[in-house]
Amino acid sequence: MSEERQRAQAPPPPRGTRPVIEVKGLTNRFGEQTVHENLDLDVNAGEILGVVGGSGTGKSVLMRSIIGLQKPVSGEVHVFGEQMIGRSSDEAKNVRRRWGVLFQGGALFSTLTLAENVEVPLREYYPALGETLLDEIASYKIAMSGLPTESAPKYPSELSGGMKKRAGLARALALDPELLFLDEPTAGLDPIGAAAFDDLIKSLKETLGLTVFLITHDLDTLYAICDRVAVLADKKVIACGTIDELLALDHPWIQEYFNGPRGRVAADAAERNADKPVPTMAQAAALTGGEAEA
Ligand SMILES: Nc1ncnc2c1ncn2[C@@H]1O[C@H](COP(=O)(O)OP(=O)(O)OP(=O)(O)O)[C@@H](O)[C@H]1O
Ligand SMILES: [Mg+2]
């Protein structure tokens, strides 16, 4: 059995008490515009933390600050206990290789095939890997993401929207991350495709013991797979907890968001699905018509 497969079947890693991500006093500005002011947030090991907030409230900027793509005005960011702010991308390499990122919009390289896209982080971090092994690992990640392996030679323009999301996920999984950042992974998918993607994320989290930072507008996703939800508003995280804990708060945005008509439909659906067993990746792939042997 290959090391990759052994890793995939291993139980979740032991959980420490320190959060995997710790953000303290984060302030971000673009010119006159203050996006975050003194923002605090913790993400615990082994949880899926949903991040919600109105459009433009700074969800993507927060993610970019955590992964070192956005230099904040002030504040501290620790990931796996290591301070990230002010470190060069090279200095942070050992931490960066422990996470995978699915950017909003996918951010696939249009001139590279699906397999080549997945190989990008592998080539960066393991330049000595031979072509055969690279192709094998890419095929494995592609299958793991619920895509047919025949799609490996296709270019992004030849993939559907849902397939592009899965392609971005395959690339995010390339380095066997412990931590996954997902920015709007189900945006633009039809409800069945979005539900299948949710199932896939949940299943990957359970199987690989991942911690997931998940930005979403999708109420169904929040109810279906998130352990806690952080709400961004007024330049900070105004609340963070389970949906029940958030519903107990008297904040107008939170009430409108979760108790508006769309929120109630999502809550009803979550209740109906509460007793369903945790799905497998093969089931998730089958839902979208994929042929992957996940
Ligand atoms: N590189 C940048 N330069 C200037 N302003 C920026 C930059 N990146 C983001 N912003 C601004 O910061 C604010 C927050 O942007 P961000 O992309 O984080 O929003 P968001 O919460 O992710 O929104 P959405 O839900 O629409 O994706 C916006 O007003 C945006 O215009
Ligand atoms: Mg965004």
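The shell of residues around ligand 1 consists of three nonpolar, seven polar and one charged residue. The structure described here is a predicted model. The residues surrounding ligand 1 are Phe30, Val35, Gly53, Ser55, Gly56, Thr57, Gly58, Lys59, Ser60, Val61 and Gln104. The greatest contribution to this shell comes from helix α2, residues 59-66, which supplies three residues.

Seven bridges connect strand β1, residues 21-30, with β2 in the antiparallel sense. Within this pairing, Arg29 has Thr34 of β2 as its bridge partner.

A further open sheet contains six strands, arranged in the order β6-β7-β8-β3-β9-β10, and its pairing is mixed. The edge strands are β6 (99-102) and β10 (236-241), each of which pairs on one side only. On average, neighbouring strands of this sheet are turned by 15° against each other, direction ignored. Strands β7 (residues 179-183) and β8 (residues 211-215) run parallel and are joined by five bridges. Here Phe181 has Phe213 in β8 as its bridge partner.

Helix α6, residues 161-172, packs on the six-stranded sheet, where it touches β6 and β7. The direction of α6 makes about 165° with that of β6. The length of this helix can be checked against expectation. At 1.5 Å a residue, the 12 residues of α6 should span 16 Å, and the end C-alpha atoms lie 17 Å apart, which agrees.

Helix α6 is mostly covered, with 11 of its 12 residues buried. The buried residues comprise Gly162, Met163, Lys164, Lys165, Arg166, Ala167, Gly168, Leu169, Ala170, Arg171 and Ala172. An α-helix has 3.6 residues a turn, so residues three or four places apart point the same way.

Note on methods
Residues numbered from 1 in each chain as written. Chains lettered and ligands numbered in written order. Predicted model: local features only at pLDDT ≥ 70, side-chain atom pairs only at ≥ 80, totals over all residues. Near = placed C-beta within 6 Å. Helix = DSSP H or I, 4+ residues; strand = E, 2+ residues; numbered from the N terminus. Nonpolar A, V, L, I, M, F, W, Y, C, P; charged D, E, K, R; others polar. Pairing = 2+ DSSP bridges. Axes fitted to C-alpha atoms, helices over the stretch in contact; angles between N-to-C directions. Contact = placed C-beta atoms within 7 Å. Expected span 1.5 Å × (residues − 1). Buried ≥ 20, exposed ≤ 12 C-beta atoms within 10 Å, placed from the backbone.
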